[in-house]
Amino acid sequence: MDIQKAFDTNKETWNKKVAVHSKSDFYNMAAFKSGASSLNRYELDSLGNVQGKSLLHLQCHFGQDTLSWSRLGAKCTGVDISDKGIELAQSLNNELGLDAQFVCCNVLDTSKHIKDTFDIVFTSYGTIGWLPDLNPWAQMISDRLKKGGEFYIVEFHPIAWMFDYQTNPPEMKYGYHQKEAIYDEYEGTYAETEDKIVSKEYGWNHPLSEVVNALIEAGLSIEYLNEYDASPYDIFPNLIENQDGMFELQEKLYPLVFELKAVKSN
């Protein structure tokens, strides 16, 4: 297929989403501007104290997580394919008096635009599914890490992406090891389901083995891989809220989230 067409289509959709998402309750811009963090328990617990560390945030949307890390003392750079997203991120950074930097590019082209190396490379919640091949992604991560630097990803579990959510109940339709792109076209977004925006998206499924092996082949050492029943976001159908304010399948038939940390030793 035409990969560039897929990237262009996704970029157009994400440019449309910025205006909708920035006004949504999901992203709660007023609370964020007043000091609320957009970060969740998984990433906060795993990365710990980031004071004084350099952090590269991949696929940062309009920068709330990037700026939340910046508020915690990290020296941050955010990357995203959406020029509208980066424009808003830069505006928020200036308004809040923070010192993050933002670069608009396809995440796979990050090393063409950024030559610095970082203590931490971070990505989260709905990012790798936009990439057809994780090998160049993993190599870019390795190239942008300092020796001893950490890569951390927290992401929706690949089993969750096997379902077609346009049907009710959701239908298991896509292969766990599927290589072909998945095209979807629907009204609304995960942040505003009632909005009339038409999302046109190309995505790719990536099994856990592909994530792990791509990072190993790029020279990183895996510290841990964890899978969790609970998601911080209520974005899949029929989830129930648990006592910790997280969201789970009632039967807990499969995990919703995984996290992985890897280190660049050489």
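Contact here means heavy atoms within 4.5 Å. Leaving aside neighbours within four places in sequence, Ile197 is in contact with Lys16, Lys17, Val20, Tyr186, Glu187, Gly188 and Thr189. The structure is a predicted model, in which local features need pLDDT of at least 70 and side-chain atom pairs count only at pLDDT 80 or more, while totals for chains, interfaces and linings use all residues. Residues are numbered from 1 along each chain as its sequence is written, and side-chain values use heavy atoms, with hydrogens and water left out.

Ile197 sits in the loop between β8 (182-187) and β9 (198-203); helices (H or I, at least four residues) and strands (E, at least two) are DSSP runs, numbered from the N terminus. Its relative accessibility is 10%, so Ile197 counts as buried (buried means under 20% relative accessible area, exposed over 50%, partly exposed in between, with a 1.4 Å probe and protein chains only). Arg71 is 126 residues away from Ile197 in sequence, and the two are 32 Å apart in space, C-alpha to C-alpha.

The protein chain as a whole has 8 helices and 13 strands. A compact globule of 266 residues would have a radius of gyration near 18 Å, and the 18 Å of the protein chain agrees (the radius is taken over C-alpha atoms, and the globule rule is 2.2 Å times the number of residues to the power 0.38). Buried residues account for 53% of the 266 residues. Of the contacts between residues at least 6 apart in sequence, 71% join residues at least 24 apart.

Turning to the helices, α1 (residues 3-21) and α5 (residues 83-96) pack at an angle of about 35°, their axes 7 Å apart. Axes are lines fitted to C-alpha atoms, for helices over the stretch in contact, and angles run from 0 to 180 degrees between N-to-C directions. Lys11, Asn15 and Val18 in α1 meet Asp83, Lys84, Gly85 and Leu88 in α5. By class, this contact has 2 nonpolar, 2 polar and 3 charged residues; Ala, Val, Leu, Ile, Met, Phe, Trp, Tyr, Cys and Pro count as nonpolar, Asp, Glu, Lys and Arg as charged, and the others, Gly among them, as polar. Helix α4 (residues 64-71) is largely enclosed by the rest of the structure, because 7 of its 8 residues are buried. After α4 comes Gly73, with a positive phi near 105°.

His61, in the loop between β1 (54-58) and α4, has a positive phi near 55° although it is not a glycine. Asn28, in the loop between α1 and α2 (29-33), likewise has a positive phi, of about 40°, without being a glycine. His61 is buried, with a relative accessible area of 11%, whereas Asn28 counts as partly exposed at 40%.

A cis peptide bond joins Asn168 and Pro169, with omega about 0°. Pro169 is also among the residues lining the second largest pocket, including Phe163, Tyr165 and Pro170. That pocket has a volume of about 240 Å³, and its lining has 9 nonpolar, 2 polar and 1 charged residues. On a 1 Å grid over the protein atoms alone, a cavity is a set of points where a 1.4 Å probe fits but cannot get out, and a pocket is an open set with protein on both sides within 12 Å along at least five of seven lines; lining residues have an atom within 4 Å of a point. Grid points are joined across faces, edges and corners, and a volume is the space filled by probe spheres set on the points.
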